[in-house]
Amino acid sequence: QVQLKESGGGLVQAGDSLRLSCAVSGRTSGWFAMYWFRQAPGKERERVAAISRSGGSTTYADSVKGRFTISRDNAKMMLYLQMNSLKSDDTAVYFCAAGGALGSPAYTYWGQGTQVTVSS
């Protein structure tokens, strides 16, 4: 079993930056691709970024491309999401997920989420 725990959310102003973290624990012998999702009230959950097992490949949703950066530190078993130039539309609960590979994603494990609120 793999446990994921997000941290780093909060209330910021438009244009600010925020860095989310996701701590990984448990059975990690099968290392996974990892993902950041978000869900705003009344909207479907959206995948905003994904990173390969090694960290060498990443993908982004068009809505965050050029502003968000996903990274991972496998030695520390951590996943990160650096969010710059935040907009009010970025307000959501952010979740990290793990599973599969970048080319064949599987969202097997989920964290509990962390709230990000961007005031305009």
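Buried means under 20% relative accessible area, exposed over 50%, and partly exposed in between. I keep that scale at hand for this predicted model.

**Entry: Glu46 and Arg38**
I looked up Glu46. Its relative accessibility is 28%, so Glu46 counts as partly exposed. Glu46 forms a salt bridge with Arg38, and their closest N and O atoms are 2.9 Å apart. I then checked Arg38. Its relative accessible area is 7%, so Arg38 is buried.

**Entry: Asp90**
I followed Arg38 to another partner. Asp90 forms a salt bridge with Arg38, with the closest N and O atoms 2.8 Å apart. This pair links distant parts of the chain: Arg38 sits in strand β4 (residues 34–39), Asp90 in the loop between β8 and β9, 52 residues apart. Both residues, Asp90 and Arg38, are buried.

Next I turned to Arg67. The Arg67 and Asp90 side chains meet in a salt bridge at 2.8 Å, N to O. Here too distant parts of the chain are linked: Arg67 is in the loop between β6 (58–60) and β7, 23 residues from Asp90. Arg67 and Asp90 are both buried. Through shared partners, salt bridges join Arg38, Glu46, Arg67 and Asp90 into one network. I searched the whole structure and found four salt bridges.

**Entry: backbone angles**
Most residues other than glycine have a negative phi. I noted Met77, where phi is positive, near 55°. Met77 is in the loop between β7 (68–73) and β8 (78–83). Met77 is partly exposed, at 24% relative accessible area.

I also noted Ser85, with a positive phi near 50°. Ser85 lies in the loop between β8 and β9 (92–101). Its relative accessibility is 41%, so Ser85 counts as partly exposed.

Definitions and conventions
Residues are numbered from 1 along each chain as its sequence is written. This is a predicted model: local features need pLDDT of at least 70, side-chain atom pairs count only at pLDDT 80 or more; totals for chains, interfaces and linings use all residues. Side-chain values use heavy atoms; hydrogens and water are left out. Helices (H or I, at least four residues) and strands (E, at least two) are DSSP runs, numbered from the N terminus. Buried means under 20% relative accessible area, exposed over 50%, partly exposed in between (1.4 Å probe, protein chains only).
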